[in-house]
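Please look over the model below before reading on. My notes follow as numbered points.

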Amino acid sequence: MSKFVKEMIISEIESQIGEVRDFVIMDSAKMDAITDNGFRLKLQEKGITTLTVKNSLARRAFANAGVEGLEDVLKGPSTLVWGGEDIVALSKEMAKWASDIESLSIKGGTTEGTALTSEDVAKLSKSPGRMELIGEIVSRILGPGAQLAGAIKGPGGTLAGQIKTISEGDES
């Protein structure tokens, strides 16, 4: 491959990854074409992008883009995967696919300049996602307020019920 062609491929990889800094690296070399195509189409529906790359060119593209931590992972057949809501959602999706397809395996990844091993990606896939954490925080914030409202409303409701009973008793 000529130097000109290599530079074109590197610049194409750089333009595709853009400002993304969270990646999972998969080994999809043993997948048959039909399974691979279905895998890619399902990921595309979820806003997740896949790109099979030559490792040396990917390393240079990542170095140019300022993405660090993938040097040790980019060995052997590699498919870059990025997108989705966040790195946790991406990890969950890739772990699900890796368990569904025997010939697909997670090699590692990176998030915010920190290298991830395949075990780290598996741990991330079991942690709560962004929306789950936001929901948990909101419920913790609203919890004391709901208890206070219940404490205020409870005696007032009891008093209102007693007044209603007394007023109905006077009418009869």
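**Notes on the model**

1. Leaving aside its neighbours within four places in sequence, Asp36 touches Ser28 and Met31; contact means heavy atoms within 4.5 Å. Asp36 sits in helix H2, residues 33-45. Asp36 is buried, at 17% relative accessible area. Buried means under 20%, exposed over 50%, partly exposed in between (1.4 Å probe, protein chains only).

2. A word on the source. This is a predicted model: local features need pLDDT of at least 70, side-chain atom pairs count only at pLDDT 80 or more, and totals for chains, interfaces and linings use all residues. Residues are numbered from 1 along each chain as its sequence is written, and side-chain values use heavy atoms, leaving out hydrogens and water.

3. The protein has six helices and five strands. These are DSSP runs (helices H or I, at least four residues; strands E, at least two), numbered from the N terminus. The order from the N terminus is α-β-α-β-α-β-α-β-β-α-α. The radius of gyration, over C-alpha atoms, is 27 Å, well over the 16 Å that the globule rule gives for 172 residues, so the protein is more spread out than a compact globule. That rule is 2.2 Å times the number of residues to the power 0.38.

4. Along the principal axes, the C-alpha atoms fill a box of roughly 100 × 35 × 25 Å. Buried residues make up 31% of the 172 residues. Of the contacts with a separation of 6 or more, 78% join residues 24 or more positions apart.

5. Met131 lies in helix H6, residues 130-171. Met131 is partly exposed, at 49% relative accessibility.
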